[in-house]
Amino acid sequence: MTSPTIPRDLLAELIAAAHRQTESRRADASLAEVEERARQAPAVRDFGAALRAPALGVIAELKPRSPLKGPLTDDYRPAELARRYEAGGAAALSVLAHTEGFGGRPEDLATVRAAVELPIMRKDFIVDEYQVAEARAYGADAVLLVVSALSPERLSQLYAYAESLGLHILVEVHSEEEARTAVALGAVNIGVNHRDLRDFRIDLGLTARLRTQVPADRVLVAESGVRDAADARRLRADGADAVLVGETLMRAPDQTAAVADLIKAHPDTHTGADAHTDTDEPKQETS
C-alpha cells in the first residue's frame, strides 16, 4: 500500500481543511441551530474521571485513514469497532471527525455514542466554536484542542466555550512552552503528542520530559507512537495516566484483545521513580 504524499507543512494543511469542512457544514445548519441540538443532547459522560482510574487508561481511537499512512482499514464500521474497544476495557474513545485528512465525519460521533457507554471525544483540529457545538450536538463528551493549531486568545476562547457546553477538554501539547500554556489555561486533561508534525518523527521520551511541567493533579495523556504493551508500560512509568492509541489498534487483527493487552501490561500505580532516564533518538513510527 502506497503512502500519500506528505505536505511540507502538514499541520497547516490539516488546519486549512478543518476551516473548509466547518464552512461547508455551516452552510447547511447555522451555529444557532447546532447549539439548540447541543442543548438537547444526552447528558455528558465523565471523560476526565474515566482516565483517573488506578490503572492506565486507554483512549482507543477510531479513524479510517491517516494523512501519513493512508487507509487503515477497508471496512470502517464505527459502531462495531467501538463495541470491540469497549469489550477490551477501553476507558474512553477518540473519534476522528476530520474528513479530508482522516476520512471521518462528525456524524460518526452519534453512531458511536449509540453503540457504547464509554465517554467519547471529538478528535479534530478544532478552530471554530461551530465544531465544539457540533461535537456536543452529536453526543460527544469531550473535545481536543491543539495548542499549536491556535493562538493563545483562540485557545482560551474555545476552551471557555467548550466548558460552557459542559464538555471535557483534552489540551494537546508538544513542547515545554506549550505545556506551560496548557497549565496556565487551567487545563485539567493534558495530552502529549509524541509526533512532531514538522518532520513526522516520534519521540516517546517527550512524556517523561513534559511530566515535570504538569502538576500531579492534572491528567496526562500520552499520544501517538504507542506500538505495543512495552510502550504502554514505559509511558506509564514515565508518568502517563492514559495513552491514546490509534493506528496500532486499527490494524490489530483482534482489537478487543489488543486493548486488553495494553491495559494489563503495566503496573497499577506509577510514581515516575522508575521512569526512563535515557535520551532516545526520535524515530519514525506508527501514529
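Ser224 is buried, with a relative accessible area of 15%, where buried means under 20% relative accessible area, exposed means over 50% and partly exposed lies in between (1.4 Å probe, protein chains only). Ser224 lies in the loop between S9 and H11, and its phi is near 75°, a positive value in a residue other than glycine. Helices (H or I, at least four residues) and strands (E, at least two) are DSSP runs numbered from the N terminus. The model is predicted, so that local features need pLDDT of at least 70 and side-chain atom pairs count only at pLDDT 80 or more, while totals for chains, interfaces and linings use all residues. Residues are numbered from 1 along each chain as its sequence is written, and side-chain values use heavy atoms, with hydrogens and water left out.

**The barrel**

- In the order S1-S4-S5-S6-S7-S8-S9-S10, 8 strands close into a barrel with parallel pairing, and two strands pair if DSSP finds at least two bridges between them.
- From one strand to the next the twist averages 25°, with axes taken as lines fitted to C-alpha atoms (for helices over the stretch in contact) and angles running from 0 to 180 degrees between N-to-C directions.
- Strand S6 (residues 142-146) pairs in the parallel sense with strand S7 (residues 168-173) over 5 bridges, and within S7 Leu170 is the bridge partner of Leu144.

- Strand S9 (residues 219-223) is mostly covered, since 5 of its 5 residues are buried.
- In a regular strand the side chains alternate between the two faces of the sheet.
- Both faces of S9 are covered, with Val219, Val221 and Glu223 buried on one side and Leu220 and Ala222 buried on the other.
- Strand S8 (residues 189-193) pairs with S9 in the parallel sense over 5 bridges, and Val192 stands opposite Ala222 in S9.
- S9 also pairs in the parallel sense with strand S10 (residues 242-245), over 3 bridges, and here Ala222 stands opposite Val243 in S10.
- S9, helix H11 (residues 229-237) and S10 make a right-handed β-α-β unit, a crossover being right-handed if, with the strands pointing away from the viewer, the path from the first strand over the helix to the second runs clockwise.

**Side-chain contacts**

- Asn193, which is found in strand S8, is buried with a relative accessible area of 9%.
- The side chain of Asn193 makes a polar contact with the side chain of Glu172 at 3.1 Å; such a contact is a pair of N or O atoms within 3.5 Å, where within protein one must be able to donate a hydrogen and the other to accept it, and residues adjacent in sequence count only if both atoms are side-chain atoms.
- Arg37 lies over the face of Tyr138, at 4.9 Å from the ring centre, under the criterion that NZ of Lys or CZ of Arg is within 6 Å of the ring centre and within 35 degrees of the ring normal.

- Ala12, in helix H1 (residues 10-26), is partly exposed with a relative accessible area of 38%.
- Ala12 and Ala149 are 137 residues apart in sequence, and their C-alpha atoms are 8.1 Å apart in space.
- His19 also has its place in helix H1, and is partly exposed with a relative accessible area of 40%.
- His19 and Ile126 are 107 residues apart in sequence and 8.6 Å apart in space, C-alpha to C-alpha.
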